[in-house]
Amino acid sequence: MRQNPTDDELLRSYLLGALPEEEVDRLEQRLLAEDELFELSEAVEADLLAACDRGELAPAERERVQQRLASSPRGRERLALAHALNTLAGSPGRAAAPVVPFQRRAATPVRPAFRWAALAAALLAAAGLSWFALERPHGGEAPPWVAQERPAPASPRAPEPPRGAPVPAETKPEPVKAVFQLALMSLRGEETAQKLRVRTGADIVELQVAVEGMEDFKSFHLTLRNRKAETVWEGEGLEPVKLDGVRALVVDLPADRLPAGTYEIQARGLAPGGDPEDLSPLEIEVEREGTR
Amino acid sequence: MRQHGGGGDGDGSGVLPPERLRGLTPEAFYALLTQLNPDRDRAGEVYETIRRKLVRLFEWRGCGSPEDLADETINRVARRLAEGVELRSSDPYGYFCGVAHLVYKEVMRRASREHRALAEGGGWPSPSFGDDSESSDRRLDCLRRCLDQLAPEQRDLVLRYHQGKTEQGENNIRHRQKLADEAGIPMNALRIRVHRLRRKLESCVHACLSH
């Protein structure tokens with residue numbers, strides 16, 4: 001592609017109908033011949049539609065976008081998609097807060113007994129920023145990174161097999177895992193527990209909890225409690241592993257230990273020679289879904 | 001080569017949906033494919049790529065029926081090829097582009113006449129932009145579902161890219177430049193990366209809304 005620094009500006013002018021006809025001819029010939037330039041043109045178009053929806057364009061530009069880019073049914077669909085994306089991107093909880101997995105507590109580390117209200121300013125989100133749930137048997141083709149083969153976490157507690165599951169044989173099908181990526185981030189005013197939708201048929205629920213920015217903690221202690229503050233699962237000395245470059249704890253739980261309901265994950269970081277440090281808890285809500 | 005259907009597909013065996021034929025003979029279609037590439041499968045791919053691009057070019061010029069105009073362009077090229085015109089192998093697109101411009105100019109002349117007639121009859125109907133609230137809600141639901149199908153880092157990228165002014169008061173350009181810096185890629189590469197994800201979302205939302 002013969003892209004130069006002015007291509008995006010050129011394309012913007014073209015899409016707004018502000019290029020002289022001879023330049024339009026030349027550019028359209030390039031657009032037909034150069035796939036990457038064509039793709040950039042589509043990207044610039046989508047940016048214009050999004051900017052139009054956000055009211056960021058001058059009135060004349062806005063009118064041109066509506067007349068040229070949103071005049072066809074597909075164009076109107078693209079504008080509607082841009083509007084929907086802007087809406088979701090601008091909705092509360094979508095602020096550009098950095099991912100802060102497991103917040104440190106600022107005050108004296110008083111271990112709370114299942115304090116649901118203490119979750120203010122903290123919200124579970126998926127690696128990156130929000131939840132990601134995936135249920136599939138291991139070994140499928142073209143797995144997303146969460147399901148790819150990776151080094152086993154250096155956890156002193158081996159993942160527990162599903163209750164009642166037979167000893168895996170080579171010919172037996174792999175257990176179905178529901179994989180959820182979690183991280184804690186500060187999202188003001190959001191206290192709702194995030195949902196883990198676990199489908200019927202899942203044998204194992206794998207939680208991947210990002211602990212980026214806590215390199216001084218060599219290991220972690222996690223406790224999963226149900227709404228009655230009963231301990232459902234506990235893991236000590238959990239050491240983070242790298243998942244696609246992200247430092248994360250990996251915990252495999254038998255799916256049948258997680259009936260539908262609300263849970264809290266309490267976490268403590270352990271630095272060598274230091275005292276355990278309580279971290280902000282994570283609140284999750286498990287939902288059970290039937291397979292389709 | 002795969003079977004071309006009514007939604008935008010053709011067939012290397014020369015079978016095109018009737019709405020695309022518009023007077024195009026199978027011989028002319030064969031001639032077109034042969035000139036595009038000696039390999040029939042590859043020729044079919046090139047044909048689809050050219051058609052898709054022509055549709056978008058007509059859209060970007062603000063034409064209301066871009067698919068019809070793209071078909072008209074291709075059919076004219078095919079007829080000329082059947083008459084013995086040869087495409088320059090170094091630039092097969094130039095010819096399509098030239099014909100597309102002619103088609104566009106004809107459309108403009110016709111639109112101009114219709115515009116005069118419409119103006120005399122009370123003017124253009126106002127275009128309607130945006131969904132009603134019900135379909136807008138449905139679209140949002142579908143988009144949420146489709147976003148859930150993306151990998152978390154992809155979903156995050158798309159949503160962060162579409163944020164307007166950030167809480168820190170950054171404008172959109174600076175905000176996106178920051179995203180590009182974070183990803184270690186130039187701004188245009190970021191645009192394309194996001195666009196590819198948006199295209200996935202577009203197809204997914206389209207399918208979701210059709211259910």
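## Salt bridges across the structure

How many salt bridges does a search of the whole structure find over all chains? The search finds 32, where a salt bridge is a side-chain nitrogen of Lys or Arg within 4 Å of a carboxyl oxygen of Asp or Glu.

Before we go on, a word on the model: it is predicted, so local features need pLDDT of at least 70 and side-chain atom pairs count only at pLDDT 80 or more, while totals for chains, interfaces and linings use all residues. Residues are numbered from 1 along each chain as its sequence is written, chains are lettered from A and ligands numbered from 1 in the order in which they are written, and side-chain values use heavy atoms, with hydrogens and water left out.

## Where the two chains meet

Let's look at the interface. Here, 64 residues of chain A are in contact with 58 residues of chain B; contact means heavy atoms within 4.5 Å. About 5400 Å² is buried between chain A and chain B, and carbon and sulfur atoms give 56% of that area. Buried area is the accessible area (1.4 Å probe) that two parts lose on being put together, summed over both. On the chain A side, A:Leu32, A:Leu85 and A:Leu88 lose the most area to chain B, together 13% of what that side buries.

Charged side chains take part too, with 17 salt bridges between chain A and chain B. One example is A:Arg78 with B:Glu202, whose closest N and O atoms are 3.5 Å apart. This pair joins two chains because A:Arg78 lies in helix H5 (residues 73-89) of chain A and B:Glu202 in helix H9 (residues 187-210) of chain B. Helices (H or I, at least four residues) are DSSP runs, numbered from the N terminus. Both A:Arg78 and B:Glu202 are buried; buried means under 20% relative accessible area, exposed over 50%, and partly exposed in between (1.4 Å probe, protein chains only).

## A network and a histidine

A:Arg78 and B:Glu202 also belong to a network of salt bridges, whose members include A:Glu39, A:Glu42, A:Glu45 and B:Arg56. Within it, the side chains of A:Glu45 and B:Arg56 meet at 2.2 Å, N to O.

Which residues does B:His195 contact, leaving aside its neighbours within four places in sequence? They are A:Glu39, A:Glu42, A:Ala43 and A:Ala46. B:His195 sits in helix H9 of chain B and is buried, with a relative accessible area of 6%.

## Salt bridges inside chain B

B:Arg51 and B:Glu67 form a salt bridge at 4.0 Å, N to O. Because B:Arg51 lies in helix H3 (residues 40-60) and B:Glu67 in helix H4 (residues 66-82) of chain B, the pair ties together parts that are 16 residues apart in sequence. B:Arg51 is buried at 6% relative accessible area, whereas B:Glu67 is partly exposed at 41%.

B:Glu72 and B:Arg76 pair up as well, with their closest N and O atoms 2.8 Å apart. Both lie in helix H4 of chain B, four residues apart, about one turn of the helix.

## Two helices packed in chain A

Two packed helices are described by the angle between their axes and the distance between the axes. Helix H3 (residues 35-53) of chain A packs against H5(A) at an angle of about 65 degrees, with the axes 8 Å apart. Axes are lines fitted to C-alpha atoms, for helices over the stretch in contact, and angles run from 0 to 180 degrees between N-to-C directions.

Among the residues that meet here are A:Glu45 and A:Leu49 in H3(A) and A:Arg78 and A:Leu79 in H5(A).
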